Amino acid sequence: MFKEKIMKEEILKIKEETVGLIDNAIDLKSLEDIRVKVLGKKGDLTLVLRNMGKLSKEERPVMGQLANEVRSEIEEILSNKFEQLKQEQKKIKLKEEELDVTANRGVREISHKHPLNETIIQLENLFQTMGFDIVDGPEIDTVENTFDLLNSPKYHPSRSLSDTFYLDDKTVLRPHTSSVQIRTMKAQKPPIRMVSAGRTFRFDDVDDTHSPMFHQIEGLVVDKGVTMANLMDTINIFIKNLFGEEIETRFRPHYFPFTEPSMEVDVTCFDCKGKGCPSCNDTGWSMELLGCGMVHPNVLRNCGIDPEVYTGFAFGMGVDRITMVKHKIDNIRLLYDNDKRFLEQF
Ligand code: PHE
(Lines give C-alpha, C1' and ligand atoms only; values in the text may rest on other atoms or scores of the structure.)
Protein backbone atom coordinates (compact mmCIF):
# COMPACT_ATOMS: atom_id res chain seq x y z
CA MET A 1 0.00 0.00 0.00
CA PHE A 2 2.77 2.33 0.95
CA LYS A 3 4.75 1.60 -2.20
CA GLU A 4 1.70 2.20 -4.34
CA LYS A 5 1.20 5.60 -2.79
CA ILE A 6 4.80 6.64 -3.33
CA MET A 7 4.73 5.42 -6.89
CA LYS A 8 1.49 7.21 -7.65
CA GLU A 9 2.86 10.46 -6.26
CA GLU A 10 6.01 10.06 -8.25
CA ILE A 11 4.11 9.47 -11.50
CA LEU A 12 1.94 12.55 -10.91
CA LYS A 13 5.01 14.61 -10.00
CA ILE A 14 6.71 13.54 -13.23
CA LYS A 15 3.59 14.51 -15.14
CA GLU A 16 3.38 17.92 -13.51
CA GLU A 17 7.06 18.69 -14.04
CA THR A 18 6.99 17.51 -17.65
CA VAL A 19 3.95 19.58 -18.51
CA GLY A 20 5.75 22.65 -17.09
CA LEU A 21 8.91 21.86 -19.05
CA ILE A 22 6.99 21.39 -22.30
CA ASP A 23 5.16 24.61 -21.72
CA ASN A 24 8.42 26.55 -21.45
CA ALA A 25 10.20 24.80 -24.34
CA ILE A 26 11.33 27.32 -26.95
CA ASP A 27 12.49 25.07 -29.78
CA LEU A 28 12.13 21.60 -31.26
CA LYS A 29 15.50 20.46 -29.88
CA SER A 30 14.58 21.12 -26.23
CA LEU A 31 11.22 19.40 -26.85
CA GLU A 32 13.03 16.29 -28.06
CA ASP A 33 15.31 16.43 -24.99
CA ILE A 34 12.24 16.47 -22.75
CA ARG A 35 10.77 13.49 -24.57
CA VAL A 36 13.98 11.44 -24.13
CA LYS A 37 14.31 12.53 -20.48
CA VAL A 38 10.78 11.38 -19.58
CA LEU A 39 9.69 8.73 -22.07
CA GLY A 40 13.03 7.46 -23.38
CA LYS A 41 14.51 4.01 -22.53
CA LYS A 42 16.09 5.46 -19.42
CA GLY A 43 13.47 8.14 -19.00
CA ASP A 44 11.93 9.11 -15.67
CA LEU A 45 8.55 7.51 -16.35
CA THR A 46 10.12 4.39 -17.84
CA LEU A 47 12.24 3.91 -14.75
CA VAL A 48 9.26 4.23 -12.46
CA LEU A 49 7.43 1.61 -14.47
CA ARG A 50 10.39 -0.73 -14.19
CA ASN A 51 9.82 -0.77 -10.47
CA MET A 52 6.32 -2.11 -11.01
CA GLY A 53 7.66 -5.55 -10.19
CA LYS A 54 7.88 -4.54 -6.60
CA LEU A 55 4.13 -4.06 -6.38
CA SER A 56 1.56 -6.63 -5.44
CA LYS A 57 -0.53 -8.43 -8.09
CA GLU A 58 -3.57 -6.26 -7.33
CA GLU A 59 -1.66 -3.03 -7.35
CA ARG A 60 0.11 -3.61 -10.66
CA PRO A 61 -2.82 -3.13 -13.12
CA VAL A 62 -4.04 -0.01 -11.31
CA MET A 63 -0.58 1.56 -11.46
CA GLY A 64 -0.06 0.32 -15.02
CA GLN A 65 -3.24 2.03 -16.13
CA LEU A 66 -2.27 5.31 -14.44
CA ALA A 67 1.20 5.19 -15.97
CA ASN A 68 -0.20 4.56 -19.44
CA GLU A 69 -2.70 7.39 -19.10
CA VAL A 70 0.04 9.78 -18.02
CA ARG A 71 2.26 8.58 -20.85
CA SER A 72 -0.34 9.21 -23.53
CA GLU A 73 -1.26 12.54 -21.98
CA ILE A 74 2.40 13.65 -22.13
CA GLU A 75 2.70 12.35 -25.69
CA GLU A 76 -0.30 14.39 -26.73
CA ILE A 77 0.94 17.58 -25.08
CA LEU A 78 4.36 16.99 -26.66
CA SER A 79 2.90 16.57 -30.12
CA ASN A 80 0.70 19.69 -29.78
CA LYS A 81 3.67 21.74 -28.65
CA PHE A 82 5.73 20.22 -31.48
CA GLU A 83 3.19 21.45 -34.06
CA GLN A 84 2.98 24.88 -32.46
CA LEU A 85 6.77 25.37 -32.46
CA LYS A 86 7.03 24.14 -36.03
CA GLN A 87 4.47 26.73 -37.18
CA GLU A 88 6.28 29.50 -35.33
CA GLN A 89 9.63 28.54 -36.84
CA LYS A 90 8.10 28.53 -40.29
CA LYS A 91 6.79 32.04 -39.76
CA ILE A 92 10.18 33.29 -38.53
CA LYS A 93 11.87 31.71 -41.54
CA LEU A 94 9.43 33.36 -43.96
CA LYS A 95 9.94 36.68 -42.25
CA GLU A 96 13.71 36.31 -42.59
CA GLU A 97 13.43 35.44 -46.25
CA GLU A 98 11.07 38.31 -47.01
CA LEU A 99 12.41 40.51 -49.80
CA ASP A 100 11.27 44.10 -50.31
CA VAL A 101 11.22 44.59 -54.04
CA THR A 102 9.85 48.14 -53.95
CA ALA A 103 12.49 50.73 -54.67
CA ASN A 104 12.41 54.01 -52.81
CA ARG A 105 12.42 56.68 -55.49
CA GLY A 106 12.27 59.60 -53.11
CA VAL A 107 10.12 62.66 -53.70
CA ARG A 108 9.59 63.34 -57.39
CA GLU A 109 10.00 66.85 -58.62
CA ILE A 110 6.98 68.12 -60.50
CA SER A 111 7.92 70.40 -63.35
CA HIS A 112 6.05 73.42 -64.60
CA LYS A 113 5.48 75.14 -67.93
CA HIS A 114 8.27 76.89 -69.80
CA PRO A 115 7.48 80.64 -69.98
CA LEU A 116 7.22 80.40 -73.81
CA ASN A 117 4.64 77.61 -73.61
CA GLU A 118 2.83 79.47 -70.87
CA THR A 119 2.44 82.51 -73.18
CA ILE A 120 1.27 80.29 -76.07
CA ILE A 121 -1.27 78.47 -73.91
CA GLN A 122 -2.55 81.72 -72.40
CA LEU A 123 -3.04 83.23 -75.88
CA GLU A 124 -4.62 80.06 -77.29
CA ASN A 125 -7.06 79.89 -74.36
CA LEU A 126 -8.00 83.54 -74.81
CA PHE A 127 -8.55 83.22 -78.57
CA GLN A 128 -10.58 80.08 -78.01
CA THR A 129 -12.97 82.04 -75.81
CA MET A 130 -13.37 84.45 -78.76
CA GLY A 131 -14.35 81.55 -81.02
CA PHE A 132 -11.01 80.90 -82.75
CA ASP A 133 -9.89 77.37 -83.67
CA ILE A 134 -6.40 76.17 -82.72
CA VAL A 135 -4.60 74.99 -85.88
CA ASP A 136 -1.28 73.21 -86.23
CA GLY A 137 1.15 73.78 -89.11
CA PRO A 138 4.42 72.14 -90.16
CA GLU A 139 7.82 73.73 -89.43
CA ILE A 140 8.99 72.67 -92.90
CA ASP A 141 6.80 74.14 -95.64
CA THR A 142 6.85 74.89 -99.35
CA VAL A 143 8.12 78.13 -100.92
CA GLU A 144 4.65 78.35 -102.46
CA ASN A 145 2.82 78.39 -99.09
CA THR A 146 5.48 80.53 -97.43
CA PHE A 147 5.95 83.20 -100.11
CA ASP A 148 4.21 82.75 -103.50
CA LEU A 149 0.61 82.40 -102.38
CA LEU A 150 1.17 85.05 -99.69
CA ASN A 151 1.61 87.55 -102.52
CA SER A 152 5.31 87.97 -101.81
CA PRO A 153 7.07 89.62 -104.81
CA LYS A 154 9.86 87.56 -106.41
CA TYR A 155 12.41 90.22 -105.39
CA HIS A 156 11.32 90.47 -101.74
CA PRO A 157 14.42 90.40 -99.46
CA SER A 158 12.85 87.90 -97.03
CA ARG A 159 13.12 85.28 -99.80
CA SER A 160 16.88 85.57 -99.99
CA LEU A 161 19.24 82.80 -98.91
CA SER A 162 20.65 85.15 -96.30
CA ASP A 163 17.24 85.50 -94.63
CA THR A 164 15.52 82.13 -94.97
CA PHE A 165 16.82 78.57 -94.51
CA TYR A 166 16.22 76.61 -97.75
CA LEU A 167 16.17 72.81 -97.70
CA ASP A 168 15.95 72.80 -101.51
CA ASP A 169 14.53 75.12 -104.24
CA LYS A 170 10.97 74.47 -103.16
CA THR A 171 11.20 73.84 -99.40
CA VAL A 172 12.10 76.03 -96.43
CA LEU A 173 12.20 76.04 -92.66
CA ARG A 174 9.26 78.42 -92.31
CA PRO A 175 10.41 81.99 -91.51
CA HIS A 176 6.93 82.87 -90.22
CA THR A 177 3.67 81.15 -89.29
CA SER A 178 1.79 83.00 -92.07
CA SER A 179 2.09 79.87 -94.24
CA VAL A 180 -0.57 78.34 -91.97
CA GLN A 181 -2.98 81.05 -93.24
CA ILE A 182 -2.58 79.60 -96.74
CA ARG A 183 -2.93 75.99 -95.56
CA THR A 184 -6.13 76.87 -93.68
CA MET A 185 -7.72 78.84 -96.52
CA LYS A 186 -6.90 76.09 -99.04
CA ALA A 187 -8.47 73.47 -96.79
CA GLN A 188 -11.47 75.32 -95.43
CA LYS A 189 -14.15 77.67 -96.74
CA PRO A 190 -15.07 80.86 -94.78
CA PRO A 191 -16.07 81.65 -92.10
CA ILE A 192 -12.54 81.07 -90.78
CA ARG A 193 -11.31 82.01 -87.33
CA MET A 194 -8.04 80.39 -86.34
CA VAL A 195 -4.80 80.87 -84.41
CA SER A 196 -1.66 78.81 -84.92
CA ALA A 197 1.48 78.88 -82.78
CA GLY A 198 4.82 77.24 -83.39
CA ARG A 199 8.50 77.42 -84.16
CA THR A 200 9.90 79.66 -86.89
CA PHE A 201 13.41 80.04 -88.31
CA ARG A 202 15.44 82.89 -89.77
CA PHE A 203 19.05 83.38 -90.73
CA ASP A 204 19.78 85.64 -87.75
CA ASP A 205 22.94 85.80 -85.67
CA VAL A 206 22.32 85.28 -81.97
CA ASP A 207 22.30 88.44 -79.88
CA ASP A 208 20.30 89.62 -76.86
CA THR A 209 17.06 89.86 -78.83
CA HIS A 210 17.61 87.51 -81.81
CA SER A 211 17.76 83.76 -82.20
CA PRO A 212 17.71 81.76 -85.49
CA MET A 213 14.90 79.70 -83.96
CA PHE A 214 12.02 81.53 -82.29
CA HIS A 215 8.22 81.30 -81.96
CA GLN A 216 5.27 83.02 -83.53
CA ILE A 217 1.53 82.93 -83.12
CA GLU A 218 -0.58 83.67 -86.18
CA GLY A 219 -4.21 84.67 -86.36
CA LEU A 220 -6.63 84.71 -89.32
CA VAL A 221 -10.28 85.70 -89.65
CA VAL A 222 -12.12 85.52 -92.98
CA ASP A 223 -15.84 86.13 -93.30
CA LYS A 224 -18.40 88.42 -94.94
CA GLY A 225 -18.13 92.01 -93.73
CA VAL A 226 -14.93 91.73 -91.66
CA THR A 227 -13.45 95.22 -91.17
CA MET A 228 -10.41 96.94 -89.73
CA ALA A 229 -12.50 97.85 -86.67
CA ASN A 230 -12.82 94.11 -85.96
CA LEU A 231 -9.05 93.72 -86.31
CA MET A 232 -8.20 96.60 -83.97
CA ASP A 233 -10.79 95.56 -81.43
CA THR A 234 -9.53 91.95 -81.37
CA ILE A 235 -5.95 93.11 -80.88
CA ASN A 236 -6.87 95.58 -78.14
CA ILE A 237 -8.78 92.86 -76.28
CA PHE A 238 -5.93 90.38 -76.23
CA ILE A 239 -3.22 92.97 -75.44
CA LYS A 240 -5.17 94.18 -72.42
CA ASN A 241 -5.90 90.61 -71.35
CA LEU A 242 -2.22 89.69 -71.62
CA PHE A 243 -0.59 92.79 -70.15
CA GLY A 244 -3.29 94.60 -68.14
CA GLU A 245 -6.14 97.06 -68.68
CA GLU A 246 -3.89 100.13 -68.32
CA ILE A 247 -1.80 99.16 -71.36
CA GLU A 248 -2.59 101.18 -74.53
CA THR A 249 -1.95 100.21 -78.16
CA ARG A 250 -0.69 102.26 -81.09
CA PHE A 251 -1.21 101.15 -84.71
CA ARG A 252 1.45 102.36 -87.18
CA PRO A 253 1.25 101.96 -90.97
CA HIS A 254 3.60 99.28 -92.26
CA TYR A 255 4.13 97.03 -95.26
CA PHE A 256 3.55 93.28 -95.55
CA PRO A 257 3.00 91.67 -98.96
CA PHE A 258 0.05 89.60 -97.69
CA THR A 259 -1.98 92.37 -95.99
CA GLU A 260 -3.34 95.70 -97.28
CA PRO A 261 -3.43 97.97 -95.40
CA SER A 262 -0.75 96.68 -93.05
CA MET A 263 0.17 97.87 -89.57
CA GLU A 264 2.59 97.32 -86.76
CA VAL A 265 1.39 97.56 -83.17
CA ASP A 266 3.26 99.12 -80.26
CA VAL A 267 2.13 99.03 -76.61
CA THR A 268 2.70 101.38 -73.68
CA CYS A 269 6.13 100.93 -72.08
CA PHE A 270 5.73 98.68 -69.02
CA ASP A 271 8.46 100.43 -67.04
CA CYS A 272 7.22 104.02 -67.25
CA LYS A 273 3.60 103.34 -68.26
CA GLY A 274 3.97 105.78 -71.19
CA LYS A 275 5.84 108.68 -69.51
CA GLY A 276 9.19 108.00 -71.19
CA CYS A 277 12.22 106.31 -69.64
CA PRO A 278 15.62 104.84 -70.67
CA SER A 279 14.17 101.39 -71.46
CA CYS A 280 11.79 102.89 -74.11
CA ASN A 281 14.30 105.50 -75.32
CA ASP A 282 12.00 108.17 -73.89
CA THR A 283 9.24 107.32 -76.38
CA GLY A 284 6.77 105.89 -73.83
CA TRP A 285 6.19 102.96 -76.21
CA SER A 286 7.40 99.38 -76.37
CA MET A 287 7.91 98.91 -80.11
CA GLU A 288 6.84 96.40 -82.73
CA LEU A 289 4.95 93.87 -80.71
CA LEU A 290 3.12 92.45 -83.70
CA GLY A 291 2.30 92.84 -87.38
CA CYS A 292 -1.21 92.81 -88.77
CA GLY A 293 -3.51 93.98 -91.55
CA MET A 294 -6.46 93.20 -93.79
CA VAL A 295 -5.87 90.06 -95.85
CA HIS A 296 -4.70 91.12 -99.34
CA PRO A 297 -7.32 90.35 -102.05
CA ASN A 298 -4.63 88.48 -104.03
CA VAL A 299 -4.08 86.12 -101.09
CA LEU A 300 -7.80 85.35 -100.84
CA ARG A 301 -7.93 84.81 -104.62
CA ASN A 302 -4.83 82.54 -104.51
CA CYS A 303 -6.73 80.30 -102.09
CA GLY A 304 -9.96 80.25 -104.11
CA ILE A 305 -11.86 82.76 -101.95
CA ASP A 306 -13.71 85.58 -103.74
CA PRO A 307 -12.46 88.95 -102.32
CA GLU A 308 -15.65 90.61 -103.63
CA VAL A 309 -17.65 88.47 -101.20
CA TYR A 310 -15.24 87.93 -98.31
CA THR A 311 -12.80 90.10 -96.38
CA GLY A 312 -10.45 89.15 -93.58
CA PHE A 313 -7.75 90.23 -91.20
CA ALA A 314 -4.54 88.56 -90.07
CA PHE A 315 -1.94 89.14 -87.38
CA GLY A 316 1.34 87.57 -86.39
CA MET A 317 3.58 88.12 -83.40
CA GLY A 318 6.74 86.88 -81.77
CA VAL A 319 5.97 84.74 -78.74
CA ASP A 320 9.55 85.20 -77.50
CA ARG A 321 9.29 88.98 -77.69
CA ILE A 322 5.95 89.03 -75.86
CA THR A 323 7.26 86.67 -73.18
CA MET A 324 10.35 88.83 -72.70
CA VAL A 325 8.30 92.01 -72.39
CA LYS A 326 5.85 90.30 -70.01
CA HIS A 327 8.52 88.95 -67.64
CA LYS A 328 11.10 91.75 -68.18
CA ILE A 329 13.64 89.25 -69.57
CA ASP A 330 16.45 91.16 -71.26
CA ASN A 331 18.22 88.29 -73.05
CA ILE A 332 16.52 85.83 -75.42
CA ARG A 333 19.29 83.24 -74.78
CA LEU A 334 17.85 82.70 -71.30
CA LEU A 335 14.73 81.18 -72.89
CA TYR A 336 16.82 78.48 -74.60
CA ASP A 337 19.57 77.75 -72.07
CA ASN A 338 17.38 75.34 -70.08
CA ASP A 339 18.93 76.61 -66.87
CA LYS A 340 16.64 75.53 -64.04
CA ARG A 341 17.75 78.42 -61.83
CA PHE A 342 16.27 80.77 -64.43
CA LEU A 343 13.20 78.74 -65.40
CA GLU A 344 12.11 78.04 -61.82
CA GLN A 345 11.32 81.72 -61.36
CA PHE A 346 8.22 81.56 -63.52
N1 PHE B 1 4.36 87.27 -90.90
C2 PHE B 1 4.66 88.56 -90.39
C3 PHE B 1 6.04 88.56 -89.77
O4 PHE B 1 6.58 87.50 -89.57
C5 PHE B 1 3.64 89.02 -89.37
C6 PHE B 1 2.27 89.22 -89.93
C7 PHE B 1 1.34 88.20 -89.87
C8 PHE B 1 1.88 90.43 -90.47
C9 PHE B 1 0.06 88.37 -90.38
C10 PHE B 1 0.61 90.62 -90.96
C11 PHE B 1 -0.29 89.61 -90.92
O12 PHE B 1 6.59 89.58 -89.46
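Leaving aside neighbours within four places in sequence, Asp 266 is in contact with Glu 248, Thr 249, Arg 250, Arg 252, Trp 285, Ser 286, Met 287 and Glu 288. The model is predicted.

**Strand β8**

Start with Asp 266 itself. This residue lies in strand β8, which covers residues 259–268. Is Asp 266 buried or exposed? Its relative accessible area is 0%, so Asp 266 is buried. Two of its partners are reached by the side chain. The side chain of Asp 266 makes a polar contact with the side chain of Arg 252, at 2.6 Å. The side chain of Asp 266 also reaches the backbone nitrogen of Glu 288, at 2.7 Å.

Now move to Glu 260. This residue is found in strand β8 too. Its relative accessible area is 49%, so Glu 260 is partly exposed. Leaving aside neighbours within four places in sequence, Glu 260 is in contact with Met 294 and His 296. An unreviewed UniProt entry places the feature "binding site" at Glu 260.

What is the form of the peptide bond from Glu 260 to Pro 261? The bond is cis, with omega near -5 degrees. Pro 261 has its place in strand β8. A cis peptide bond also joins Pro 190 and Pro 191, where omega is about 5 degrees. Pro 191 sits in the loop between α7 (179–187) and β5 (192–201).

| Helix pair | Angle | Distance between axes |
|---|---|---|
| α5 (residues 115–129) and α10 (residues 319–327) | about 100 degrees | 9 Å |
| α2 (residues 28–39) and α4 (residues 59–97) | about 170 degrees | 10 Å |

Take α5 and α10. They pack at an angle of about 100 degrees. Helices α5 and α10 are therefore roughly perpendicular to each other. On the α5 side, the contact is made by Pro 115, Leu 116, Glu 118, Thr 119, Ile 120 and Gln 122. On the α10 side, the contact is made by Val 319, Asp 320, Ile 322, Thr 323, Lys 326 and His 327. Sorted by class, the contact of α5 with α10 has five nonpolar, four polar and three charged residues.

Next come α2 and α4. They pack at an angle of about 170 degrees. That makes α2 roughly antiparallel to α4, because an angle over 145 degrees counts as such. Helix α2 makes the contact with Leu 28, Leu 31, Arg 35, Val 38 and Leu 39. Among the contact residues of α4 are Arg 71, Ile 74, Glu 75, Leu 78 and Phe 82. Which classes do the residues of the contact of α2 with α4 divide into? They divide into eight nonpolar, one polar and five charged.

**Helix α10 and what follows**

Return to α10. Which residues of α10 are buried? The buried residues are Val 319, Asp 320, Ile 322, Thr 323, Met 324 and Val 325. These buried residues of α10 pack against α5, β6 (213–223), α8 (228–243), β9 (285–295) and β10 (311–318).

Lys 328 follows α10. Its place is in the loop between α10 and α11 (340–343). Lys 328 has a positive phi of about 55 degrees although it is not a glycine. Its relative accessible area is 58%, so Lys 328 is exposed.

Asn 151 is also not a glycine, and its phi is positive, about 65 degrees. Asn 151 lies in the loop between α6 (143–146) and β3 (166–168). Its relative accessible area is 22%, so Asn 151 is partly exposed.

**Annotated spans**

The annotation "domain: Aminoacyl-transfer RNA synthetases class-II family profile" covers residues 123–325. How far apart do the end C-alpha atoms of residues 123–325 lie? They lie 15 Å apart, and the span is 24% helix and 34% strand.

UniProt places the feature "coiled-coil region" at residues 75–105. The end C-alpha atoms of residues 75–105 lie 54 Å apart. This span is 74% helix and 0% strand.

Definitions and conventions. Residues numbered from 1 in each chain as written. Predicted model: local features only at pLDDT ≥ 70, side-chain atom pairs only at ≥ 80, totals over all residues. Heavy atoms only, no water. Axes fitted to C-alpha atoms, helices over the stretch in contact; angles between N-to-C directions. Helix = DSSP H or I, 4+ residues; strand = E, 2+ residues; numbered from the N terminus. Parallel < 35°, antiparallel > 145°, perpendicular 65-115°, else oblique. Contact = heavy atoms within 4.5 Å. Nonpolar A, V, L, I, M, F, W, Y, C, P; charged D, E, K, R; others polar. UniProt positions renumbered as here; feature names shortened; annotations may be inferred. Buried < 20%, exposed > 50% of the residue type's maximum accessible area, 1.4 Å probe, protein only. Polar contact = N/O pair within 3.5 Å; in protein donor to acceptor, adjacent residues only side chain to side chain.
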